[in-house]
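This briefing concerns a predicted model. The points below are grouped by topic and are meant to be read beside the structure.

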Amino acid sequence: MLKLILTRLAALAVILLALSAIVFALEALIPADPVRAMVGASATKEAVAAKRHELGFDQPLPVQYVRFLGRALGGNLSQSLHTRRPVMTDLRAFLPATLELAGAAAIIAAVLGGFLGIVTARGKGTAPRLLMLAGASAPPFLLALALLMLFYAKWHVLPSSGRLSANLTPPGGPTGLLVVDGLLHGRFDVVSDALWHVALPAFCLALGPAVALGRTLRSSLQSVLTQDHIRTARAKGLKERTVLLRHALRSSLNAPLTMGGLQVGLLLAGVVVIESVFAWPGVGLYTVQSISSTDFPAVAGVTLILGALYVVINALVDVAQVIADPRLRAA
Amino acid sequence: MKTGSLRRVFSLVAVVALLLSACSKKSTTSAASSPPDTNGTLNLAYLADMSVPDPDVFYDIEGNTVILSAYEGLVDYKPDTVTIEPKLATSWDIAPDGLTYTFHLRSGVTFQDGTPFNAAAVKASFQRRISVNSAPAYMLAQVADMQTPDPMTFVVKLRSVVTPFMDYMASSWGPKIMSPKALTDNAGSDFAQTWAKTNADGTGPFKLTAFNRGQNYTLTRNDSYWGPKPNFATVNIRIIPDMNSQILQLKSGGLDVILHSFPIAELPTAKADPNLAIKDFSSYLQSLLYFNTSKAPFNDLALRKAVAGDIDRDTLVNQIYGTYAHPAGSPYAPGILGQSLAPIAYPTSTVKAPAGAPAITFAYTSDESGIQSRLAGLIQQKLQGQGFQVTLKEVTNPQVYGYASTPQTLAQAPDILLMTNTPDAAHPDTWARILWGTGGGLNFLGYTNPQVDTLLNQGAASTDKAASDQAYGKAGRLLVVDYGILFLADTRDVMVMRKNLTNVEHVPNYPWALRLGTLARS
Amino acid sequence: MGVAEPIAFGGSLPLRRRLLPRLGVGRLETAGLAALALTTIGALVVPLIAPHAPTLPVAAGPLVKPSAAHLLGTDDLSRDIASRVLYGIRSSWFSAIAVIASGVLIGGLIGLVAGFRGGWLDTVLMRTTDLFLALPGPILAIAIVASLGPSLAHTLLAVGIVWWPWYARIVRGEVRAVMVRPHIDAARLAKIGRMRLAFRHALPGALPAVLVTASLDVGNLVLTLAGLAFIGLGAPPPAPELGSMVAQGLPYFFGQPWVCLAPAVAIFVLAFAANLAGDGIRDLLHHT
């Protein structure tokens with residue numbers, strides 16, 4: 001187990017290094033003049049050159065990369081061209097919202113996916129499956145807008161945008177996750193209001209991964225159910241429910257876990273559209289803004305952070321798999 | 001047996017659903033039964049974060065409302081006009097040589113932190129703009145000396161004549177007066193730029209009390225404001241990047257105004273809504289078609305002329321904007337310079353593409369209202385109808401700024417560029433020089449014409465207004481017949497708002513912004 | 001190493017026995033398969049059946065309501081939406097297939113080599129795969145399209161770059177599982193050549209998993225490509241592409257909803273059919 005974790009940590013470092021190189025190379029390829037856009041139309045040639053020098057854009061590319069890397073290692077990404085703040089400061093402000101949204105979506109996806117997989121494993125549950133399949137086939141922007149029209153504009157039961165109602169002040173807690181901070185500070189009004197706000201965007205985000213999880217769980221369950229130890233359990237006279245949930249489920253978790261890890265990537269990609277529609281102040285919204293202002297440092301920062309998050313989560317999935325299925329420990 | 005396992009899963013789902021609905025019900029009673037608590041609060045939205053609320057750095061359009069509510073300059077434009085009216089200066093004198101400006105300041109004004117306003121504060125703010133030396137610093141580039149002969153008099157001496165100087169003072173990007181105490185207290189090593197990234201302290205009708213990136217900016221009424229008291233206690237500006245979300249919220253009362261980019265095709269729906277009003281204001285926003293004259297095929301005047309004729313501007317503008325724009329009558333928006341000084345009449349013609357004409361790259365910047373992409377699409381159709389090969393390309397502003405950097409980038413830049421722009425101030429020089437003067441900041445496809453440059457310099461150096469206007473007019477006429485930039489439309493600044501808003505005031509030079517200090521709800 | 005195949009498989013029964021018991025495939029899945037087959041054929045003949053040219057204006061004018069002459073109305077540039085949707089389906093369809101084909105080829109080859117050889121080569125190949133998996137696809141697409149210029153080919157290239165690792169992982173997992181089976185040992189003992197062992201014995205074991213993943217991927221890809229086109233990263237206008245058509249129709253959402261709903265519904269139907277058919281294929285191969 002320790003060896004597994006150590007290998008994963010080493011791999012993480014290598015992957016992040018390579019990722020940063022790729023990101024940097026791609027940035028360098030983009031033909032645009034952010035410096036000029038930053039200093040404005042009427043700036044003199046000298047002012048442009050001075051700003052370019054200040055930001056280090058006049059250096060050769062490899063030098064720029066080494067500087068970039070040096071700063072990044074110290075947890076200090078460059079300054080955003082749009083917000084004029086260090087990208088790290090921006091990300092610290094925007095990341096918690098995304099983590100809360102993605103966390104809520106992951107929980108919903110796991111619950112819905114588990115439900116779907118178990119129910120359909122025995123060939124039943126056509127209706128819920130079709131409904132979720134339909135949800136997962138709907139273009140996210142359309143699904144989000146349709147749900148907004150129903151739940152906000154028509155029935156007035158859910159809010160349209162943001163993380164918290166305007167009349168509430170966030171508890172300002174240690175994590176930045178409103179639900180967690182609210183619980184820590186005993187501010188239950190914040191907790192329920194935050195849950196109320198996160199419900200719709202998280203549901204939109206969760207549908208696709210939920211279906212993928214459900215499907216994978218279904219096929220694992222189906223093949224496990226034909227195996228010997230299940231037959232033994234049945235022969236022992238155990239109830240079918242016990243067989244399914246106690247015996248089959250545990251040894252069927254391997255594939256859904258892998259799928260879950262892979263789906264994290266889709267989840268993180270999905271936040272871009274969902275956060276825009278719901279005005280969710282997270283990394284996705286930040287990315288959209290950075291792209292439209294060709295804000296290199298910001299895009300690089302987002303890519304690195306999301307990439308790292310993805311790799312870390314998948315490493316955790318590997319560990320979880322070993323815990324769930326002891327047979328893998330030998331491998 | 002199966003039903004048993006199912007029931008357990010169902011009960012789990014039911015618990016989650018109940019939890020969610022419980023939360024929703026609890027909050028619904030507070031939000032839905034009492035119509036959203038807007039009593040005293042004005043709700044606005046931005047499509048994207050503004051850059052920074054620092055008047056010496058800020059150089060965009062989104063964000064004007066924040067800057068203009070928190071800060072004030074020495075002078076201001078009168079609503080719907082180009083007339084300059086007093087603000088923090090009650091009167092001013094300009095020496096006959098055009099080099100010395102004397103401002104007599106308003107007394108009894110305090111900054112939002114309680115510091116009294118005086119000439120020293122003005123001087124400190126001007127000095128800061130020069131020191132920060134960011135985009136809008138060019139307006140003070142010719143300042144040679146500043147004096148404060150008495151606490152309520154401020155004198156600026158210029159190195160050379162700057163004809164638009166008073167317009168710079170009135171521009172939304174012009175010098176704003178910041179609290180000298182806040183500037184000293186937060187000076188740091190960057191002239192308080194770090195502080196000004198999220199804070200503001202001016203003399204304006206509203207204080208900036210919260211600046212949450214990606215979420216909202218809160219403006220709170222400045223109770224010690226020297227002028228008429230603002231009506232709204234709070235202004236909440238939220239970042240809502242999706243236009244349809246904004247429209248949904250406007251319709252249900254969650255928003256009071258959509259400040260810009262409302263889709264023109266949706267205006268009839270808005271008109272039919274008894275709670276909404278459409279307001280359109282005169283603005284200097286012009287829709288422009290740049291030609292890349294530095295390379296084939298558009299280094300050929302005949303071909304530029306042919307394309308201009310094929311586009312059939314008048315039909316095009318009518319088709320896309322309806323009544324919310326009209327074909328530009330001059331390279332200068334109405335109010336900036338007499339339209340008759342540089343009139344435009346592009347003759348319509350149908351010229352086929354010459355045999356072997358190369359493919360044309362057509363770039364456009366996109367906007368939420370869909371106007372730019374539709375305009376580009378229609379022009380493409382018209383040109384293709386005449387046998388031109390046109391490839392469309394959507395680009396971002398920073399990309400556009402990169403085109404004229406070097407001769408190499410210009411050679412790779414698109415052949416045609418569609419953009420909408422507005423001048424910094426209501427003066428011909430702030431438009432002509434940067435748009436079509438050689439090396440100008442908005443001269444994106446590197447148009448250059450020595451004759452035009454000479455005329456612009458004449459205009460800028462002349463202290464006689466009539467002679468100066470003649471020079472600018474002539475420069476404009478030269479550009480029109482040279483087809484360097486095609487002026488498509490003078491567009492209106494269109495806003496859709498709740499019908500109960502009153503005292504709506506708008507300044508043509510401040511696009512996407514309303515005067516929040518006077519705005520009220522009936 | 002805990003990388004496992006995302007889709008678990010039963011034994012390798014003769015194909016005949018898997019196809020024959022039709023009961024494994026539900027009626028809905030059959031409908032999905034039929035719809036998919038129809039789409040594939042339809043996509044090929046779109047130029048013959050589309051009533052109008054997809055990029056040229058029609059006489060009816062802009063933003064005309066759906067009618068007999070124009071079944072789905074016209075868009076803001078006076079083009080027949082029905083024709084554009086048909087061409088859009090064709091383009092989505094072929095694009096999805098192209099990405100999957102490249103994913104299967106590249107990923108399959110890398111997965112096969114990694115799983116078959118094992119050892120350090122396996123580690124190197126799989127960590128490289130992880131690296132590509134860690135690249136955020138949309139951002140990569142934005143960067144590639146921004147630097148090379150907008151075109152369908154560039155978008156497909158960007159998506160292809162992030163898509164193959166899935167297949168590499170699946171094939172490797174399956175090959176590893178097959179490699180420990182007795183019949184491979186037997187084949188080794190029989191001194192069967194390496195290439196033959198890899199392609200004749202190890203690869204077929206991975207095929208069903210790849211096939212199922214690929215069929216389930218079609219729906220994903222249709223949605224992913226539509227999403228990228230939606231944010232302006234597809235074929236440049238006026239090319240008929242479903243995602244960009246939706247984006248173009250959004251400003252008319254409340255007044256002329258058909259402009260954006262028609263292509264959106266087309267995306268939905270295509271993805272839904274692909275998803276159902278994917279389930280169908282999975283059932284076909286999986287049922288024992």
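In chain A, helices H13(A) and H14(A) meet in a left-handed crossing. Helix H13 spans residues 283-292 and helix H14 residues 296-324, and they pack at an angle of about 150° with their axes 9 Å apart. Because angles over 145 degrees count as roughly antiparallel, H13(A) is roughly antiparallel to H14(A).

**Helix packing in chain A**

- On the H13(A) side, the contact with H14(A) is made by A:Val283, A:Tyr286, A:Thr287, A:Ser290 and A:Ile291.
- H14(A) contributes A:Ala298, A:Val299, A:Val302 and A:Leu306 to this contact.
- By class, the contact of H13(A) with H14(A) holds seven nonpolar, two polar and no charged residues.
- Within such a helix, residues three or four places apart point the same way, because an α-helix has 3.6 residues a turn.
- A further pair in chain A is formed by helix H6 (residues 126-137) and helix H9 (residues 188-224), whose axes lie 8 Å apart at an angle of about 130°.
- H6(A) and H9(A) are therefore oblique to each other.
- The crossing in which H6(A) passes H9(A) is left-handed.
- From H6(A), the residues A:Met132, A:Leu133, A:Gly135 and A:Ala136 meet A:Leu207, A:Gly208, A:Ala210, A:Val211 and A:Gly214 of H9(A).
- The contact of H6(A) with H9(A) comprises six nonpolar, three polar and no charged residues.

**The enclosed strand S13 of chain B**

- Strand S13 of chain B covers residues 286-291, and six of its six residues are buried, so this strand is largely enclosed by the rest of the structure.
- In a regular strand, side chains alternate between the two faces of the sheet.
- Both faces of S13(B) are covered, with B:Gln286, B:Leu288 and B:Tyr290 buried on one side and B:Ser287, B:Leu289 and B:Phe291 buried on the other.
- S13(B) runs antiparallel to strand S17 (residues 416-421) of chain B, to which six bridges join it.
- In that pairing, B:Ser287 stands opposite B:Thr420, and B:Tyr290 has B:Leu417 as its bridge partner.
- S13(B) also pairs with strand S18 (residues 485-491) of chain B, in the antiparallel sense and over five bridges.
- The bridge partner of B:Gln286 in S18(B) is B:Asp490.
- S17(B) is in turn joined by three bridges to strand S15 (residues 360-365) of chain B, and these two strands run parallel.

**The four-stranded sheet of chain B**

- Chain B also contains an open sheet of four strands in the order S1-S10-S9-S8, with mixed pairing.
- The edge strands of this sheet are S1 (41-46) and S8 (206-212), each of which pairs on one side only.
- From one strand to the next, the twist averages 20°.
- S1(B) runs parallel to strand S10 (residues 234-239) of chain B, and six bridges join the two.
- Within this pair, B:Tyr46 stands opposite B:Ile239 of S10(B).

- Helix H7 (residues 243-251) of chain B is mostly covered, with eight of its nine residues buried.
- The buried residues are B:Met243, B:Asn244, B:Ser245, B:Gln246, B:Ile247, B:Leu248, B:Gln249 and B:Leu250.
- Their cover includes elements of chain A, namely helix H7 (140-154) and helix H12 (254-277).
- Chain B itself supplies S1, strand S11 (257-258), strand S12 (276-281) and strand S19 (493-498) to the cover of H7(B).
- Just after H7(B), B:Gly253 adopts a positive phi of about 90°.

- Chain C has ten helices and zero strands, in the sequence pattern α-α-α-α-α-α-α-α-α-α.
- Of the 288 residues in chain C, 58% count as buried.
- Among contacts in chain C with a separation of 6 or more, 71% are between residues 24 or more positions apart.
- The contact between chain C and chain B draws 17 residues from chain C and 19 residues from chain B.
- On the side of chain C that touches chain B, twelve residues are nonpolar, four are polar and one is charged.

Notes: Residues are numbered from 1 along each chain as its sequence is written. Chains are lettered from A and ligands numbered from 1 in the order in which they are written. This is a predicted model: local features need pLDDT of at least 70, side-chain atom pairs count only at pLDDT 80 or more; totals for chains, interfaces and linings use all residues. Two residues are in contact if their C-beta atoms, placed from the backbone, lie within 7 Å. Ala, Val, Leu, Ile, Met, Phe, Trp, Tyr, Cys and Pro count as nonpolar, Asp, Glu, Lys and Arg as charged, and the others, Gly among them, as polar. A residue is buried if 20 or more other C-beta atoms lie within 10 Å of its own, exposed if 12 or fewer, and partly exposed in between; C-beta atoms are placed from the backbone. Axes are lines fitted to C-alpha atoms, for helices over the stretch in contact, and angles run from 0 to 180 degrees between N-to-C directions. Angles under 35 degrees count as roughly parallel, over 145 as roughly antiparallel, 65 to 115 as roughly perpendicular and the rest as oblique. A crossing is left-handed if the near helix is turned anticlockwise from the far one by less than a right angle, and right-handed if clockwise. Two strands pair if DSSP finds at least two bridges between them.
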